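Thanks for coming. I have one model to go through today, and I will keep to the geometry.

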Amino acid sequence: MRNLFTPKNLRNLILIVVIAGVLILAISGYLTPIFSVSVSPLISAQSWISGRYLAFRDFFGSPRDMATLREENITLRNEVAQLQSEIIALQENLAQADILYTLLDFARNNPDHEYEAATVIGREISPYLQYIIIDKGSNNGIRYGMPVVTQQGLVGRIDAVISDAARVQLITDAGSVVNVRLKTANVEGQVSGSITGEVSLDMVPVESQVDIGEVILTSGLGGTYPPNIFVGQVLSMQSRQNALFQTGSVQPIVDFSTLSAVLVITNFEAVDITPLVP
Amino acid sequence: MLIYLAYGMSFVLAMMLQYGVFSRWMILSGSPDLVLLLIIALCLHQKHRRFWILILIMGGVVGFVSALPFFIPMVVYMAVYLASFGLKQRVWQTPLLAMFLLTFGATILVNFLSIAVLFIQRIPFNFSIALVNVVLPSVFLNMFLAIPVHAIMRELSVWLYPQGAQI
């Protein structure tokens, strides 16, 4: 009879008993803390490796997707740019329409005059002269000397005309003189321009009381402009000793730097009094 | 013919830009004069014997459109044309310097002719205000714009006049 308890068999038997014991302990949950401590570093390492691998795979496996996304991005950017340019164009049209509606409203509120709306297309080349060019001329009934206004007030008068354009001398020009009256003080004077575009008030009698902010309207004297058109407001007044008249500075009601559309009063004919001037 | 057409087109373009854009570029009360700069650059780069006729026509057009007296642009442009001869012979190696010299001189000339006209027309003005608010800013703006205008017209002249061509 063979001896079953040889050293070799005994060693195998002990090994099987140990493994079976470990398995029973593991299944019964007694080894969980030990597993947790020993496995968690491995899981972390596995996670790191897996993450790096996925990143590596994405990096080399996704150029086609990136190119597609970039193309889509460029297409969308182009669409956004087109939409933005359309918005800008629509805003410009809206601003132009607002100006024209305001001018139309002004014309309705002042039915005594007939108006021709015109767009400002240029400014004078010489900085000493304050003139603008408008896009309406003799073909539209524009004639020399016609007053030019906006919904705010007086702009100037027609200085030269060709068939489809006209040149307007602004009231800020050094050669421009407008006869005016001060609304509250009820005195008359003259508003004249300068080479720098500033407007001054002259020929106001010394005894007159003129307040700051006084409204200045055209008087109609001289026949160059129709009466009662808003010109501006008095900014300051100075009176020199022994002077016959007061002088002052005027804030024009029209902003000449942003002038884009004007109205020409077409049914007013300026009176030429040049032969009567000595 | 191509030369006249190119110069005419550039003049018309400069007029449109001047009236539409550059007249609104202001420092104090001074503004640049693109047409004057174009005339100066043309005079420095032209190689045409009867170029003065074109200069007179351009002066006439500006005199017609502008509210300035008719003769001022013609006088200034012809003065620029004549001065460009001397400058081209003396400072021919530095055309940009000639451009600056002519720009400075022509701007001063056109400003003082304008002031003289105001004086003759008895329009009241203060000379020191005109000097500070109009003349000096205009000179500065013209000198500033002289560089790009000179560069553009040089390219145009290279295109119009192949090397060595003398008409």
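Predicted model: local features only at pLDDT ≥ 70, side-chain atom pairs only at ≥ 80, totals over all residues.

**Helix packing, interface and barrel**

Residues are numbered from 1 along each chain as its sequence is written, and chains are lettered from A and ligands numbered from 1 in the order in which they are written.

Helices (H or I, at least four residues) and strands (E, at least two) are DSSP runs, numbered from the N terminus. Axes are lines fitted to C-alpha atoms, for helices over the stretch in contact, with angles from 0 to 180 degrees between N-to-C directions.

The crossing is right-handed, meaning the near helix is turned clockwise from the far one by less than a right angle. Contact here is C-beta atoms, placed from the backbone, within 7 Å. On the α2(B) side the contact includes L34(B), L38(B) and H45(B); α6(B) brings, among others, L145(B), V149(B) and R154(B). The contact residues divide into nine nonpolar, four polar and one charged. Nonpolar is Ala, Val, Leu, Ile, Met, Phe, Trp, Tyr, Cys and Pro; charged is Asp, Glu, Lys and Arg; the others, Gly among them, are polar.

Next, α3(B), residues 51-65, and α4(B), residues 71-90, pack at about 150° with axes 7 Å apart. That angle makes α3(B) roughly antiparallel to α4(B). Their contact has twelve nonpolar, three polar and no charged residues.

Now the interface: how many residues does each chain put into the contact? Chain B gives 24 and chain A gives 19. On the chain B side, α6(B) gives the most, with five residues. That side divides into eleven nonpolar, eleven polar and two charged.

In chain A, a closed barrel of six strands runs β6-β7-β8-β11-β10-β9, with antiparallel pairing; strands pair if DSSP finds at least two bridges between them. Three bridges join β6(A) to β9(A), and R181(A) has L217(A) as its bridge partner.

Last, confidence: pLDDT is the predictor's confidence in each residue, from 0 to 100. Chain A has a mean of 83, lowest in helix α2 of chain A at a mean of 70.

Definitions and conventions. Parallel < 35°, antiparallel > 145°, perpendicular 65-115°, else oblique. Contact = placed C-beta atoms within 7 Å.
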